[in-house]
Amino acid sequence: MHTVETVLVVLMLGAITGIVARYMRGIPLPLIQIALGAAVSLPQRGLHIAFDPELFLLLFIPPLLFSDGRRIPKREFFALYKPILLLSLGLVLFTVIGLGYVVNWLIPSIPLSVAFALAAVVSPTDAVAVSAITRNLGMPSHTLHVLEGESMLNDASGLVALKFAVAAALTGAFSWTEVARDFMWIAIGGLGIGALLGWGFSVARDRVTRRLGDLAATQMVLLLWLLPFLAYIVGERIGVSGILAAVAAGVTTNFTELNRSNFVAERMQSQGTWTIIEAAFNGAIFLLLGLQLPTVIGVTLEEAGAHWWLPIVYAACISIALLLLRWIWLTLGVQGSLLRAHLEGKMTERPSRLLTVVSTLAGIRGAVTLAAALSLPLMLNDGQPFPARNLVIFLATGTILFTLVVGSIGLPLLLRRLPHQGVPSVVTEERNARVAAFKAAIASMVLDKDQVQSADPHWLAEYQESAGLLTQEYRRRIDMLLPEAMDTVEAQAESPEVTRRRHERYVVEMELRLRALRVERDALYAERQKQHINDESLRKLVSELDLSEVAMTRRLAMAREAAAVSAEAAASDQETDADS
């Protein structure tokens with residue numbers, strides 16, 4: 001029962017911190033959650049949880065990485081595979097070797113094999129932490145894709161390096177050939193088993209839903225939520241990377257969903273479910289990390305005695321060395337690959353020294369690092385205690401906090417100094433896609449000659465009137481987009497001032513429609529309060545209005561954006577006329 005209560009308390013605290021973060025916008029949510037976790041565990045009778053690394057990795061990491069795999073843009077991911085692999089494989093090896101020697105030199109009491117183990121623990125960036133810190137800071141989109149791809153793949157390389165570093169510490173034996181062979185099996189096997197399970201689930205889902213339609217939507221969403229756990233467990237049981245299996249399953253299911261446009265209920269339920277899961281599990285991860293801080297810090301500082309400040313200095317030095325190694329690798333090993341991607345049009349932002357520093361500070365460590373540190377064995381093969389185990393855990397925790405704080409403070413400051421990239425390509429692509437969809441809808445309403453000749457005259461008149469009204473609505477929505485999306489001679493010839501007035505008129509219309517829709521919903525609730533309809537009818541009618549409001553709100557946002565751009569164009573045109 002204590003475990004159930006603990007889980008409920010952690011989930012509740014995660015929800016509360018999400019609300020608190022809305023009022024403390026200058027402080028990243030992960031830092032608030034870590035601080036709250038540490039605060040509730042500090043008192044003698046506070047909340048204390050025995051941290052099981054294997055259970056933690058099973059419960060929290062697979063669904064979050066699966067969700068990242070589903071969400072990350074696959075086109076950009078595969079276009080930028082070279083810098084991603086250089087970071088997820090090359091940087092991990094560079095970090096393990098370089099930082100291992102730095103740790104052994106800085107703290108001679110830590111054997112070289114244990115120093116390599118610590119370097120392996122802190123080598124992977126954390127996908128959850130990277131997304132939580134950088135997603136809302138205006139990070140250039142392609143750079144963010146590279147960082148997310150790196151953090152999803154380097155877990156396997158870091159954990160493999162940790163495995164062999166621990167084996168070397170336990171036995172004193174080490175083989176590069178064995179390392180390479182095992183890594184290939186763990187990484188490729190994990191990707192393969194995840195892709196196979198994702199493809200198998202998709203085939204089964206298609207066969208069921210093609211027959212039942214959206215009647216099985218709820219059950220399919222539940223099975224989809226359980227899929228990352230299945231991929232992780234199967235991967236770990238056969239000796240490959242369960243983490244990569246969860247990622248691969250997410251990527252595969254996303255590919256297979258491209259031909260499921262008709263299943264609206266399943267798609268809406270899935271989106272809502274994953275939003276809740278991501279919020280709850282992200283909060284739980286950082287809260288659990290904070291709950292471990294007092295214990296980890298207390299044990300290490302107590303062992304240090306009068307020199308309690310020395311482990312803190314060690315943690316800061318190792319964190320700085322870690323970021324410095326990352327900067328060196330980005331500058332020497334990845335800069336050329338990023339530049340080629342930019343010249344080939346795969347990456348809009350041009351690599352620069354400032355962007356390299358931004359990518360360096362975005363190398364944030366998180367809960368996976370803590371779980372890996374706590375998984376270190378207690379004893380050597382000869383029965384002796386594992387060398388400096390508590391100090392290694394403290395240093396790994398210090399690295400997590402250091403990178404989180406430095407990234408939270410430094411990234412907003414540096415991102416403001418990045419040159420403006422203009423209109424992101426994805427925005428232009430979205431506008432063009434909207435226009436293509438509108439044109440396809442207009443074309444679908446045109447009747448061919450045979451249909452016109454065979455149609456009932458009364459029905460034909462009604463159809464043509466309705467199609468004309470709907471076509472006019474679509475053309476207005478096309479013209480509402482920015483000038484580069486317009487294809488009519490009239491739209492291209494009109495003055496910026498006329499365009500501005502048309503866009504502003506459309507904004508007013510959308511606002512009026514939205515207000516009327518909300519009045520409709522209030523009236524429905526009033527009808528229920530008067531007992532004129534029952535709860536089921538209320539839910540059905542309100543659900544229709546909610547869907548309309550979502551679409552209307554997004555359309556209003558697009559209209560306001562177009563109105564702002566046309567207002568700037570009109571102002572610029574007036575200045576030009578005044579100058580002339």
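## Salt bridges and cores in a predicted model

Glu511 is partly exposed, with a relative accessible area of 34% (buried is under 20%, exposed over 50%, partly exposed in between, with a 1.4 Å probe and protein chains only). This is a predicted model, where local features need pLDDT of at least 70, side-chain atom pairs count only at pLDDT 80 or more, and totals for chains, interfaces and linings use all residues. Residues are numbered from 1 along each chain as its sequence is written, and side-chain values use heavy atoms, leaving out hydrogens and water.

Confidence comes next: pLDDT, the predictor's 0 to 100 score for each residue, averages 82 over the protein. Residues 484–491 stay under 50. Where pLDDT is low, the predicted coordinates should not be read in detail.

Now back to Glu511, which pairs with Arg560 in a salt bridge (a side-chain nitrogen of Lys or Arg within 4 Å of a carboxyl oxygen of Asp or Glu). The count comes to eight salt bridges, including these:

| Pair | Closest N and O atoms |
|---|---|
| Arg513 and Glu473 | 3.8 Å |
| Asp535 and Arg528 | 2.4 Å |

Glu473 is buried at 15% relative accessible area, while Arg513 is partly exposed at 32%. Arg518, Arg521, Asp546 and Glu549 form a network of salt bridges.

As for the nonpolar cores (buried Ala, Val, Leu, Ile, Met, Phe, Trp, Tyr and Cys residues joined through side-chain atoms within 4.5 Å), the largest has 63 residues, with Ile110 and Leu395 among those touching the most other members. A second, separate core of 56 residues includes Leu291 and Met347.

Terms used. Contact means heavy atoms within 4.5 Å.
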